[in-house]
Amino acid sequence: MPPAAELETVLRYHERTKHHFHRYAAGPRALDWANQPDPFRRYAGAPLVRLARLTPDDEPRSPPYEAIYLPHGARRAPLNLASLSRLLEYSLSLTAWKQAGGARWALRANPSSGNLHPTEGYVLIALPELGAPGLFHYAPREHALERRAEYAPESCERLLRALPPEAFLVGLSSVHWREAWKYGERAFRYCQHDIGHAIGALRIAAASLGWTALLLDGTPDETIARLLGLDRDADYAGAERESAEALLAVWPGAGSGALPLAVDEITPERWYGSANRLSRDEPVPWNIIDDAAGATRRIRGQGQNYRPPKDTAIVTLAPNSPPAGAIIHQRRSLLACDGKTAIGAARFYRMLERTSWMDALPWPPAIHFALFVHRVEGIEPGLYALARDAAKLELLRASMHREFAWTRPPGCPETLALYLLQAGDARELASQVSCQQDIAGDGAFSLGMLAEYQGTLVANGPWFYRRLYWEAGAIGQVLYLEAEAAGVRATGIGCFYDDPVHEVYGLAGLAFQSIYHFTVGGYVDDPRLTTLPPYE
Ligand SMILES: Cc1cc2nc3c(=O)[nH]c(=O)nc-3n(C[C@H](O)[C@H](O)[C@H](O)COP(=O)(O)O)c2cc1C
């Protein structure tokens with residue numbers, strides 16, 4: 001497909017999957033429970049390596065949560081099977097089982113729209129404790145690695161040679177059907193949000209080990225599919241396919257200024273295993289998702305938007321920090337707000353600042369915030385805007401209602417381009433535009449993530465559509481943990497009325513589009529739910 005046609009396909013997908021006050025994006029008429037996809041992929045015949053289930057006291061131990069925001073704050077853990085286990089525990093593992101009546105479901109370190117978990121994780125690594133260098137699929141229910149492929153040591157070395165010492169690869173893929181089963185056409189968006197959350201979770205987990213994680217953004221999707229074995233038809237006979245998404249380099253230590261953003265294909269000596277079938281019946285086809293996936297493919301030779309990892313020093317650290325591992329394990333989406341808890345302004349500013357710490361994505365920030373502030377002590381309730389890249393402030397200002405005030409809230413750090421647009425009670429409005437969900441109006445604040453939309457798609461290519469969601473998801477992961485650290489809780493909100501949000505802020509045209517909502521606030525637990533440990 002020529003690029004112009006691909007761009008049109010993406011714009012059409014986005015337009016068509018908007019929710020409107022009186023019409024939702026197309027989805028299944030009823031949920032076919034008997035055909036619900038299994039959230040756990042396994043590869044039959046693949047040798048399984050169980051990872052140690054570490055206690056908080058086992059090495060590597062978690063640093064204080066605050067330390068992950070310092071460039072060299074967390075002690076650098078050596079790369080071995082225990083630290084790899086920690087990395088996966090803090091990013092993709094189960095963190096609890098929930099039970100209500102006869103129903104039981106698992107929660108993970110990474111959140112997922114509808115808890116459907118379309119994201120699969122892979123590790124390509126040369127680690128003596130694992131035997132021959134290889135590609136492994138991560139099985140979260142077992143906290144284990146399934147060996148998918150075996151490499152000759154010299155070809156693995158060739159693959160990783162341009163990366164820092166001891167670097168290994170983490171690959172992510174999506175099973176679109178897992179989300180489409182429930183959400184229909186809008187599901188492609190949710191799969192991309194979830195990839196962003198997984199990238200964010202991996203970056204945070206790496207930081208807790210004193211490691212770095214960086215998206216190898218120049219690697220074509222075809223290469224990722226080959227490296228992860230997703231193109232092997234025979235291994236997916238009768239099983240739902242996975243779409244190649246992201247490839248990250250992870251290594252012990254800090255960032256380096258000159259990193260390649262792509263790796264080449266290498267051929268393994270041997271493959272193992274065949275994928276399980278996830279649904280009883282054939283997936284229901286949602287052609288528009290296939291179209292969007294096809295149009296947003298990253299192909300060889302497309303431009304790269306590389307930005308070396310920046311100095312991630314955050315100057316304001318909260319005192320008495322609990323361990324990062326505790327915050328990661330306790331992260332949950334709030335189900336209902338208490339409608340009264342407020343947070344302090346300093347905490348609010350720090351939360352917003354920290355969304356800029358996320359450095360796993362090698363492009364300048366393309367997501368800004370349209371905020372609905374309800375209960376932040378010391379600042380007025382109302383509508384606010386945050387330019388996450390101060391260079392975009394004027395563009396944002398020029399795109400919004402002319403009558404907005406653009407005044408600085410009291411005590412706001414210079415480095416934070418946060419502005420009050422209009423004071424007032426925005427609680428009802430916030431809920432209304434978030435598909436009437438009370439959680440958006442009853443918390444301390446909620447926000448819409450405004451993507452620099454058409455401009456970035458034209459400048460970079462339609463593949464950047466997926467990246468916008470990844471950035472939104474990765475930011476969301478920081479907000480989730482920041483909320484837990486502040487004693488409140490957050491929830492990602494994928495259900496919102498797209499254009500009504502734009503109208504609130506006066507955003508016309510396609511310069512900005514809200515692509516993800518978030519709420520943060522005091523929460524009330526559901527007493528009917530029992531919590532069980534993640535692993536026996
Ligand atoms: C992309 C995304 C969209 C979500 N949308 C909503 C939403 O619209 N409303 C809601 O109540 N929860 C929403 N959630 C929260 C999920 O339901 C929640 O992450 C999932 O049930 C797993 O629970 P946990 O976050 O506690 O692990 C969303 C989560 C993600 C990641």
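Reader: Does α2 pass α5 in a left-handed or a right-handed crossing?
Author: Quick background: this is a predicted model, where local features need pLDDT of at least 70 and side-chain atom pairs pLDDT 80 or more, while totals for chains, interfaces and linings use all residues. Residues are numbered from 1 along each chain as its sequence is written, and side-chain values use heavy atoms, with hydrogens and water left out. A crossing is right-handed if the near helix is turned clockwise from the far one by less than a right angle, and left-handed if anticlockwise. The way α2 passes α5 is right-handed.

Reader: What is the relation between the directions of α2 and α5?
Author: The axes of α2 (residues 81-91) and α5 come within 8 Å and cross at roughly 140°; axes are lines fitted to C-alpha atoms, for helices over the stretch in contact, with angles from 0 to 180 degrees between N-to-C directions. Under 35 degrees counts as roughly parallel, over 145 as roughly antiparallel, 65 to 115 as roughly perpendicular and the rest as oblique. So the two helices, α2 and α5, are oblique.

Reader: And how does α4 sit relative to α5?
Author: The axes of α4 (residues 176-183) and α5 come within 8 Å, crossing at roughly 130°. The crossing of α4 and α5 is right-handed. That angle is why α4, relative to α5, is oblique.

Reader: What about α9 and α13: how are they oriented?
Author: For α9 (residues 345-354) and α13 (residues 464-485), the axes come within 9 Å and cross at roughly 155°. α9 passes α13 in a right-handed crossing. The angle therefore makes α9, relative to α13, roughly antiparallel.

Reader: On to the ligand: which elements each supply at least two residues of its shell?
Author: The shell around the ligand has 7 nonpolar, 11 polar and 4 charged residues. Helices (H or I, at least four residues) and strands (E, at least two) are DSSP runs, numbered from the N terminus. Those that each supply at least two shell residues are β4 (103-108), α5 (187-208) and β19 (489-493).

Reader: How much of the ligand's accessible area does the protein cover?
Author: A polar side-chain atom of S333 lies 2.6 Å from a ligand oxygen atom. Polar backbone atoms also come in: one of G492 is 2.9 Å from a ligand nitrogen atom, and one of G494 is 2.8 Å from a ligand nitrogen atom. Of the 620 Å² that the ligand has on its own (Shrake-Rupley method, 1.4 Å probe), the protein covers 84%.

Reader: Which loop holds W406?
Author: Most residues other than glycine have a negative phi. Phi of W406 is near 55°, a positive value. W406 is found in the loop between α10 (393-399) and β17 (417-423).

Conventions
Polar contact = N/O pair within 3.5 Å; in protein donor to acceptor, adjacent residues only side chain to side chain. Nonpolar A, V, L, I, M, F, W, Y, C, P; charged D, E, K, R; others polar.
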